[in-house]
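Please report on the side-chain contacts in this protein.

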Amino acid sequence: MTKPEQVIPMLTLRSLVLATVALFAATASAGSAPPPQGGAGTATAADADAFIAQVNAELLELLIEGSQAQWLAVTYITGDSQGVASRSNEKYLTWIGATVEKSKRFDGVKDLSPATARAIKLLKLGTSMPAPKDPVKLKELTEIATRLEGTYGAGKFCKDPNDPSSCRNLDQLSKVLAKPADHTYAELTEAWAGWHTISRPMRKDYQRFVELTSEGSKELGYPDLGTMWRSAYDMDPDAFQKETDRLWGQVKPLYDQLHCYVRGELHKQYGDEVKLDQPIPAQLLGNMWAQEWGNVYDLVAPYPKAAGKLDVDGVLEAKFQAYEKAEFAKLKPVASHGDFAEATRRADRLIAEEMVRSAESFYVSLGMPKLPDSFWKNSQFLRPRDRDVVCHASAWDFDTKGDVRIKMCIAPTYEDLSTIYHELGHLYYDLAYNPQPIVFQGGAHDGFHEAIGDTIVLAMTPKYLQSVGLVGATSKTKEAVINEQMKMALDKVAFLPFGLLIDRWRWDVFSGKTQPADYNTAWWALRTKYQGVMPPVARDAALDFDPGAKYHVPGNTPYTRYFLARILQFQFYRSLCNTAGHKGALYTCSFANSKEAGARYQAMMAAGQSQPWPDTLKKLTGKPQMDASAMVEYFEPLSKWLKEKNKGQSCGW
């Protein structure tokens, strides 16, 4: 997959219309959209059509300048770039506020075309950060938003505040957690606790952020920001929350069995540090947020000695070393340390580009176009050595005319390879719906955008990986199948409750149900309830702000999309496999090279957000409801194995 800790909001055109991220865009001055013709109460359907046509034109300008400002803010983190992004965001929020106010002239106008009516609705949901009308408060909100994201992006834990060499950023701390077998319990705990100190300064800002966005939400007609976010799903906000409960109910039994097994295996590794009737300590699951558990696979592998182990990391590392060796061979005999460093840097670039081209080739095999030359020139593939950047992977559409990019700090690992396959899914979705009017250039709902590339990742089967030279011949024994499914479940299934709980926490914060004094306590109550994990060290309810240690909270990115994407990707995958004529168990399907599957996928993506998502979902799957049964079907072999393995165990916490 897709690692949502790496996937930041799509700060691009789709953000303008999805009600998913705070837009950083500029150009139009406040109130630049023309007023509808006629006086109060005399607006017509034709006036509304003209209004939306003008909005579309202005949004394109907002997209281009805003994307440029935000790109600089996350790839050159300085006070200047953050100032530019903040002012750009302020201009956009001023514009959207004024434009939404003008759109109210069309409330109650009869005979609006379906497209215009939908465009006006989407316009009102055009930001996840609704600002107050008061210009002073608006400015304050944009400054806070920029500061929160900058604090996260520049976050470092310094073991000795007086020794800069003791400071480690998220990448470095995450590498400790990603290799639990190579580190002691104390080292894992230190890395986890260290990163969670970076969010403490955010707490006061976040409290004020909630106050300001609450005021902005009310001015738009919503009781709170959480209700506004849930209103973006073409259904009643309360009904949407119940829908996510229903989907969670479909997959919870599988998660509970996985949790029970993993906890038992970790108990064997750590003894009484992992108690068999309690939540799992969060730092032991291979990930800073315990959101995906793939990095503990070696500790919990069902059949460690089974043939057919996939070692994509080893193959990618060998490719990197070959590139590095070749670059070293080009150096003069008297090469300096700097020369060798530059040669290694070129090797880093070569392996990163090879990984991106591998992902591109999958989409091309489905009949989709190659990425434009500008993509290869403008994308960020590596962490720069001379400045701070936000390394979380993201995909960008700058102008609706082909200037698409990704931003990552790529390492030669399967995790990053699958993230690239995911990120290109965003770009191919962008390219598919670019012919739509600007206000319809978004996912059918935000979970769709995340699911597109994840569906492709599901098709990266052992057979596919072998076909592109990333693994050797693989065994089809029962043991190998269970191993493969376990490895995938540690990411796909383990993530589900985390994908659900972040917004559950925020919805309660935004509504006022959770007060500032209870921010951290409520966070851990939800993590225990849904995930069955607990903090490794005592938390200070008044000091700690652990939600802020997860990018999407200071970045104000709605997170339910990732939960929905996990469900939808299996639903998409099953439909594409059926279209490709796959026979046999679902988990064995790769639809690579199927032009029929590609055409069907393209047709769904081309609709963008021009119609309610159930209609778009039906176009691909034949049914208008989200359904987790495909995920359950996919993991059927593992589910049966887990139930047998867990017999006699005390599951739950």
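The report below takes the disulfides, then the charged pairs, then the rings, then one threonine. The model is predicted.

**Disulfides**

A disulfide is a covalent bond between the sulfur atoms of two cysteines. This structure holds four disulfides. Count the bonded cysteines along the chain, and the pattern reads 1-2, 3-8, 4-5, 6-7.

| Disulfide | S to S distance | S-S torsion | Hand |
|---|---|---|---|
| Cys158 and Cys167 | 1.9 Å | about 105° | right-handed |
| Cys260 and Cys651 | 2.0 Å | about -75° | left-handed |
| Cys391 and Cys409 | 1.8 Å | about -75° | left-handed |

Start with Cys158 and Cys167. The torsion about their S-S bond is about 105°, so this disulfide is right-handed. Cys158 has a relative accessible area of 26%, so Cys158 counts as partly exposed.

Next come Cys260 and Cys651, whose sulfur atoms are 2.0 Å apart. Cys260 lies in helix H10, residues 237–270, while Cys651 lies in the segment after helix H25 (636–645). Cys260 is buried, at 5% relative accessible area. Cys651 is partly exposed, at 36% relative accessibility.

Cys391 and Cys409 form another disulfide. Their pair links distant parts of the chain, 18 residues apart. Cys391 is in the loop between helix H14 (373–378) and strand E4 (394–397). Cys409 is in the loop between strand E5 (404–407) and helix H15 (414–433). Both Cys391 and Cys409 are buried.

**Salt bridges**

Side chains of opposite charge can pair when their charged atoms come close. The model holds 38 salt bridges.

One of them joins Glu292 to Arg566, at 2.6 Å from N to O. The pair links distant parts of the chain, 274 residues apart. Glu292 sits in the loop between strand E3 (280–281) and helix H11 (297–300), and Arg566 sits in helix H21.

Arg349 pairs with Glu353, their closest N and O atoms being 3.9 Å apart. Both residues lie in helix H13 (residues 337–365), four residues apart, about one turn of the helix. Arg349 is partly exposed, at 29% relative accessible area. Glu353 is partly exposed, at 23%.

Helix H25 holds both Glu636 and Lys640, four residues apart, about one turn of the helix. Their salt bridge has its closest N and O atoms 3.5 Å apart. Glu636 is partly exposed, at 39% relative accessible area. Lys640 reaches 55%, over the 50% cut-off, so Lys640 counts as exposed.

Salt bridges also form a network, which links Arg200, Arg539, Asp544 and Asp546.

**Aromatic rings**

The count comes to 46 aromatic pairs. One of them is Tyr519 with Phe545, a tilted pair at 6.0 Å centre to centre and 45° between the planes. Tyr519 lies in helix H20 (residues 519–531), and Phe545 lies in the loop between strand E6 (533–534) and helix H21 (560–579). The pair therefore ties together parts that are 26 residues apart in sequence. Both Tyr519 and Phe545 are buried.

Ring pairs also build a cluster. Its members are Phe362, Tyr363, Tyr421, Tyr428, Tyr464, Phe570, Tyr573, Phe591, Tyr634 and Phe635.

Charged side chains meet rings as well. Arg405 lies over the face of Phe398, at 3.7 Å from the ring centre. The charged end of Lys550 sits over the ring of Trp289, at 4.4 Å from its centre.

**Thr75**

Thr75 lies in helix H2, residues 45–75. Its relative accessible area is 1%, so Thr75 is buried. Which backbone oxygen does the Thr75 side chain reach? The backbone oxygen of Trp71, at 2.7 Å. Leaving aside residues up to four places away in sequence, Thr75 touches Gln380, Arg387, Asp388, Val389 and Lys407.

Note on methods:
Residues are numbered from 1 along each chain as its sequence is written. This is a predicted model: local features need pLDDT of at least 70, side-chain atom pairs count only at pLDDT 80 or more; totals for chains, interfaces and linings use all residues. Side-chain values use heavy atoms; hydrogens and water are left out. Helices (H or I, at least four residues) and strands (E, at least two) are DSSP runs, numbered from the N terminus. Buried means under 20% relative accessible area, exposed over 50%, partly exposed in between (1.4 Å probe, protein chains only). A polar contact is a pair of N or O atoms within 3.5 Å; within protein, one must be able to donate a hydrogen and the other to accept it, and residues adjacent in sequence count only if both atoms are side-chain atoms. Contact means heavy atoms within 4.5 Å. Rings of Phe, Tyr and Trp (its six-membered ring) pair if their centres lie within 6.5 Å; planes under 30 degrees apart count as stacked, over 60 as edge-to-face and the rest as tilted. A charge sits over a ring if NZ of Lys or CZ of Arg is within 6 Å of the ring centre and within 35 degrees of the ring normal. A disulfide is a pair of cysteine sulfur atoms within 2.5 Å. A salt bridge is a side-chain nitrogen of Lys or Arg within 4 Å of a carboxyl oxygen of Asp or Glu.
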